[in-house]
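Biologist: Please take a close look at a single part of this model, and then say how it is placed in what surrounds it.

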Amino acid sequence: MARAWHLKSRPDGMPTADNFELKESDLPPVGDGMIRVRNRWLSVDPYMRGRMNDVKSYVPPFQLGQPLEGGAVGEVVESKAQGFSAGDLVLHMGGWRDEAVVPAQAVRKLPDLGAEPQQFLGVLGTTGATAYFGLVDAASAKEGDIVFVSAAAGAVGSVVVQLAKAKGMTVIGSAGGADKCDYVRSLGADQVVDYRARPIVKSLSAAAPQGIDVYFDNVGGSHLDAALAVARNRARFAICGMIEGYNQREPTSLRYLMRIIAARIRLQGFLVFDYQPRMDEFYREMAPLLKSGAVKSRETIVDRLEQAPAAFLGLFRGENVGKMLVRL
């Protein structure tokens with residue numbers, strides 16, 4: 001029988017293991033236009049926390065008692081869909097489980113880019129595409145810009161750092177703790193601030209005495225406040241995520257919010273799903289950088305389906321460097 005993690009109850013603040021339940025169930029038959037996939041790799045991502053709340057958002061909330069969803073790479077074991085055969089490796093959203101029956105129209109065959117399969121959940125997947133389109137499109141970043149990246153040791157942030165350096169920008173990254181800061185430096189960041197060592201506003205002001213042109217926001221809260229405080233005139237902010245507030249009951253106030261007016265700062269929220277028609281452009285840009293070593297891929301890997309909730313909760317405790325993945 002197939003096994004899948006279900007949402008047992010909605011979290012109040014930080015989720016716990018009690019919010020999840022692993023259940024066995026029979027898969028439906030594979031009908032016309034459907035395929036059965038045995039998953040090899042699962043992605044856990046901070047945005048999934050928002051789907052655990054029963055609120056309207058850009059994606060529907062997870063339903064109580066129903067299997068959770070997320071990005072996955074798996075092997076086709078049965079197909080009744082044209083263009084898919086047993087043995088094909090595919091990318092789909094039937095994660096948090098070991099097997100799934102999904103419509104072929106919701107599945108993408110992995111392109112032949114000479115990459116490892118799990119990289120299509122990271123640097124060559126939604127993670128990498130988020131970094132690329134957020135930097136070059138939402139933030140309109142260009143050569144010579146001074147770029148501040150929060151959560152720079154994380155999945156998206158670590159790719160942003162490397163892309164910005166490859167495109168001739170000066171990069172300041174933030175991370176928590178000496179080891180993560182060393183990792184961000186190894187990616188090529190010109191300056192790294194440890195937000196755990198002292199207040200982020202003071203650290204960023206010292207690291208960016210000339211100010212910043214671009215802020216790539218993965219954190220929100222105090223990091224967004226610091227970026228507003230040091231932004232140059234007409235700075236561009238790409239608002240990707242706000243993990244600092246995902247488990248807070250009350251929103252974080254921003255002391256420097258009025259600087260948006262005085263410095264004519266542009267804040268652009270974006271969703272990577274909006275860029276799906278441009279994925280070929282992303283592959284053309286990213287694959288050569290990965291092959292040359294200008295962009296490196298790093299994952300934090302947790303083994304076994306049973307550990308998926310623990311991997312997910314680890315995101316909010318800062319336990320990952322690079323992309324967090326579950327290997328089945």
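Biologist: Which residue in β11 is the bridge partner of V149?

Modeller: The bridge partner of V149 in β11 is F216. This is a predicted model, in which local features need pLDDT of at least 70 and side-chain atom pairs count only at pLDDT 80 or more, while totals for chains, interfaces and linings use all residues. Residues are numbered from 1 along each chain as its sequence is written, and side-chain values use heavy atoms, with hydrogens and water left out.

The bridge belongs to a parallel arrangement in which strand β8 (residues 146-149) is joined to β11 by 3 bridges; strands are DSSP runs of E of at least two residues, helices runs of H or I of at least four, and two strands pair if DSSP finds at least two bridges between them. Both strands belong to an open sheet of 6 strands with parallel pairing, in the order β10-β9-β8-β11-β12-β13. At its edges stand β10 (191-194) and β13 (266-269), each with a single partner strand, so one side of each has no neighbour in the sheet. From one strand to the next the twist averages 15°, where axes are lines fitted to C-alpha atoms, for helices over the stretch in contact, and angles run from 0 to 180 degrees between N-to-C directions. Helix α4 (residues 178-186) packs on this sheet and touches β9 (170-175) and β10, its direction making about 165° with that of β10.

Within β11 (residues 212-217), I212 deserves a separate look. I212 is buried, with a relative accessible area of 0%, buried meaning under 20% with a 1.4 Å probe and protein chains only. Leaving aside neighbours within four places in sequence, I212 is in contact (heavy atoms within 4.5 Å) with I146, F148, I172, A227, V230, A231, R232 and A235. The C-alpha atoms of I212 and N233 are separated by 9.0 Å, although these residues lie 21 residues apart along the chain.

Aromatic rings also matter to this picture, and a search of the whole structure finds 13 aromatic pairs; rings of Phe, Tyr and Trp (its six-membered ring) pair if their centres lie within 6.5 Å, and count as stacked with planes under 30 degrees apart. The rings of F133 and Y275 have centres 4.5 Å apart and planes at 5°, so this pair is stacked. Because F133 lies in helix α2 (residues 126-138) and Y275 in the loop between β13 and α8 (279-292), the pair ties together parts that are 142 residues apart in sequence. F133 is buried, with a relative accessible area of 0%, and Y275 is buried too, at 10%. A further stacked pair is formed by F148 and Y215, 5.0 Å centre to centre with 15° between the planes. Since F148 lies in strand β8 and Y215 in strand β11, this pair ties together parts that are 67 residues apart in sequence. F148 and Y215 are both buried. Elsewhere, ring pairs link F120, Y132, F133, Y275, F282 and Y283 into a cluster.

Helix α3 (residues 155-166) has 12 residues and reaches 17 Å from its first C-alpha to its last, close to the 16 Å expected at 1.5 Å a residue, that is, 1.5 Å times one less than its number of residues. Of the 12 residues of α3, 10 are buried, so this helix is largely enclosed by the rest of the structure; among them are V159, V160 and V161. G168, which follows α3, has a positive phi near 80°.

Terms used
Buried means under 20% relative accessible area, exposed over 50%, partly exposed in between (1.4 Å probe, protein chains only). Rings of Phe, Tyr and Trp (its six-membered ring) pair if their centres lie within 6.5 Å; planes under 30 degrees apart count as stacked, over 60 as edge-to-face and the rest as tilted.
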